[in-house]
Amino acid sequence: MLKIGHRGAKGYVAENTLASFQKALELDVDIIELDVHVSKDNIPVVIHDETVDRTTNAKGKVTNFTAKELQNLGIPALEEVFDLVENRCGINIEIKDFEATKAVLNLINHYSFDTEKIIISSFDWNVLQLCHTEKPAIHLGVLTENSIDKALSFAKKISAYSIHPYFKLLNTENVQLMHQNGFKIYPWTVNNLEDITFVKSFLVDGIITDFPDRL
Ligand code: G3P
Ligand code: CA
């Protein structure tokens, strides 16, 4: 079962920062999960929210800042994370903004990162549809917070690699169905020990957590 560090190691270090990804590597994760938006100059950058308000001391939409300006606020470009990780673990790139999709694919195409080690996921299934059309070989993860049934039918449609459900949606039947259809199951975001035990009982393929050392 894979250890997947949510926004790096969010339980220990400020989320989606290079320090958080470094900590996740030290905790021996198999995969780092991170969130991507696009900057004013069309560079994929790693931040969860649409604005910089919550995680920096500046204010405004991510798309109003250049990648350089965002870097000065502590928000890394996706390419910097590739440089840091250097194929030492996988990267689950969660695309938060449809407009970032082509920039992400372009970076992957021009970067010497092992594409087998990348999974692109999104709650916006239009993102996944576009990735499937533009780059059919890329691993795609279908995110859902409310319906494993719908995620499963869409995953079949785009030949996804994995399904990433909110962990409370799991039950014996839907886990069996996802596995029978050949999908990996990576639930999120599972942090306390009781929930980790509950999710592990389904023999899922990986768990997305803020505390990778708890798995
Ligand atoms: O990728 C799973 C999880 O990160 C989705 O929720 O809001 O933490 O991006 P969120
Ligand atoms: Ca995420």
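This is a predicted model: local features need pLDDT of at least 70, side-chain atom pairs count only at pLDDT 80 or more; totals for chains, interfaces and linings use all residues.
Tyr161 is found in the loop between helix H6 (148–157) and strand E7 (162–165); helices (H or I, at least four residues) and strands (E, at least two) are DSSP runs, numbered from the N terminus. At 27% relative accessibility, Tyr161 counts as partly exposed.

Residues are numbered from 1 along each chain as its sequence is written, chains are lettered from A and ligands numbered from 1 in the order in which they are written, and side-chain values use heavy atoms, with hydrogens and water left out.

Let us turn to the ligands. Which residues are around ligand 1? They are His6, Arg7, Glu33, Asp35, His48, Glu94, Lys96, Phe123, Leu143 and Trp188, where a residue is near a molecule or strand if one of its heavy atoms lies within 4 Å of it. This shell divides into 5 charged, 3 nonpolar and 2 polar residues. In that count, Asp, Glu, Lys and Arg are charged, Ala, Val, Leu, Ile, Met, Phe, Trp, Tyr, Cys and Pro are nonpolar, and the others, Gly among them, are polar.

Some of these neighbours reach ligand 1 with polar side-chain atoms. Such an atom of Glu33 lies 2.8 Å from an oxygen atom of ligand 1, and one of His48 also lies 2.8 Å from an oxygen atom of the ligand. For Glu94, a polar side-chain atom lies 2.9 Å from an oxygen atom of ligand 1. Taken alone, ligand 1 exposes 290 Å², and the protein buries 90% of that; accessible areas come from the Shrake-Rupley method with a 1.4 Å probe, and for residues, only the protein chains shown count as cover.

Glu33 and Glu94 turn up again at ligand 2, a calcium ion. This ion is coordinated by Glu33 (OE), Asp35 (OD) and Glu94 (OE), at 2.1 to 2.3 Å. Donors are N, O and S atoms within 2.8 Å of the metal (3.2 Å for Na, K and Ca), and water is not among the atoms, so sites may look incomplete. Along the chain, the donors of the calcium ion follow the spacing E-x1-D-x58-E. The pair of Glu33, in strand E2 (residues 31–38), and Glu94, in strand E4 (residues 90–95), links distant parts of the chain, 61 residues apart. Glu33 is buried, with a relative accessible area of 4%, and Glu94 is buried with a value of 4%.

Next, the cysteines. How many disulfides does the structure hold? It holds 0, a disulfide being a pair of cysteine sulfur atoms within 2.5 Å. Cys89 is buried at 3% relative accessible area, and Cys131 is buried at 0%.

Some loops deserve a visit too. Most residues other than glycine have a negative phi. Glu86, however, has a positive phi of about 45° although it is not a glycine. Glu86 lies in the loop between helix H3 (78–85) and E4 and is exposed, with a relative accessible area of 57%. Leu203 has a phi near 55°, again a positive value in a residue other than glycine. You will find Leu203 in the loop between H8 and strand E9 (206–209), where it counts as exposed at 66% relative accessibility.

Asn191 lies in the loop between strand E8 (184–185) and helix H8 (193–200). At 19% relative accessibility, Asn191 counts as buried. Its side chain makes a polar contact with the side chain of Thr209, at 3.1 Å; a polar contact is a pair of N or O atoms within 3.5 Å, where within protein one must be able to donate a hydrogen and the other to accept it, and residues adjacent in sequence count only if both atoms are side-chain atoms.

How values were computed
Buried means under 20% relative accessible area, exposed over 50%, partly exposed in between (1.4 Å probe, protein chains only).
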